Amino acid sequence: MELSELTVKLIILFLPGIIATSIYQLFGNRNNLDNRSFFVLTIVNGFFSYLPLGIFTKQDFLFRFLLDTSLQPDLECVFKSIIASIILGICEVYLINYGMLYCIARKIRLTTRSGHDTVWDEVFDNQNQGITNYVYVLNEKSNKLYAGTVENYSMSKSGKIELLLNNVTVYDAEERTQELYSINQVYLNLTNTSYVEIEIGESYGRKTES
């Protein structure tokens with residue numbers, strides 16, 4: 001199947017939007033965008049990638065092309081817009097990952113949401129001012145209590161929870177002040193036989209850092 005000249009020109013034209021949206025989806029969105037959302041966001045990002053050229057350099061190729069599709073793509077404008085799209089995509093990632101839009105919205109009482117998909121993310125996302133990254137994990141099956149700093153975490157759509165803890169101290173679950181041993185790292189696949197106790201303030205004799 002051969003692509004028409006107009007199709008090729010449109011691909012070149014919207015390349016900046018595709019790049020910005022790809023950056024957003026790769027680094028700033030936990031869930032993949034469906035085809036419709038990706039298409040719409042590509043158009044929006046493409047428009048805002050070309051907009052600075054029209055405002056600051058008077059290069060309004062995008063708008064002229066929309067009125068006259070017989071025009072050939074201005075590769076210089078496309079290249080400059082690609083640079084703008086990379087910056088735009090990075091800005092969108094920061095807005096999403098650090099919850100800046102939700103932070104502003106909460107300040108003006110527009111919403112009470114945090115921007116996280118789950119409470120799990122809300123608790124552990126310290127890059128976005130999470131509640132804590134030090135946890136106590138009680139495994140009732142092994143009768144052990146794991147205390148350590150969260151290095152990484154995940155929760156799948158099926159409900160599978162994983163934790164990677166650093167600088168771990170293992171206690172007896174019944175005598176919680178009785179230290180069994182210490183280890184550098186522990187991987188925990190949490191199931192119905194485990195639950196997480198989040199430390200806020202003082203807990204089990206350990207004082208959290210202020």
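**Confidence**

The mean pLDDT of the chain is 76, and 69% of its residues reach 70 or more. Among the elements of the chain, helix α2, which covers residues 15-28, has the highest mean pLDDT, 90, whereas the lowest, 44, belongs to strand β6 at residues 202-203. Over residues 200-210 the pLDDT stays under 50, and for this stretch the model has 13 contacts beyond four places in sequence. Where pLDDT is low, the predicted coordinates should not be read in detail.

**The nonpolar core**

The largest nonpolar core has 13 residues, and those with the most contacts inside it are Val137, Tyr146, Leu163, Leu165 and Leu188. Four strands, β1 (134-139), β2 (144-155), β3 (161-172) and β4 (179-190), each supply at least two residues of this core, and the largest share, five residues, comes from β3.

The side chain of Asn166 is joined to that of Gln185 by a polar contact of 2.7 Å. When residues up to four places away in sequence are left aside, Asn166 touches Gly148, Thr149, Glu151, Asn184 and Gln185.

**The salt bridge**

Side chains of opposite charge can pair when their charged atoms come close. A search of the whole structure finds one salt bridge; Glu76 forms this link with Lys80, the closest N and O atoms being 3.1 Å apart. Because Glu76 and Lys80 are four residues apart in helix α5 (residues 75-97), about one helical turn separates them. Glu76 is partly exposed, with a relative accessible area of 45%, and Lys80 is likewise partly exposed, at 32%.

| Residue | Relative accessible area | Class |
|---|---|---|
| Glu76 | 45% | partly exposed |
| Lys80 | 32% | partly exposed |

Key:
Residues numbered from 1 in each chain as written. Predicted model: local features only at pLDDT ≥ 70, side-chain atom pairs only at ≥ 80, totals over all residues. Heavy atoms only, no water. Core = buried A, V, L, I, M, F, W, Y, C linked by side-chain atoms within 4.5 Å. Buried < 20%, exposed > 50% of the residue type's maximum accessible area, 1.4 Å probe, protein only. Polar contact = N/O pair within 3.5 Å; in protein donor to acceptor, adjacent residues only side chain to side chain. Contact = heavy atoms within 4.5 Å. Salt bridge = Lys/Arg side-chain N within 4 Å of Asp/Glu carboxyl O. pLDDT = per-residue confidence, 0-100.
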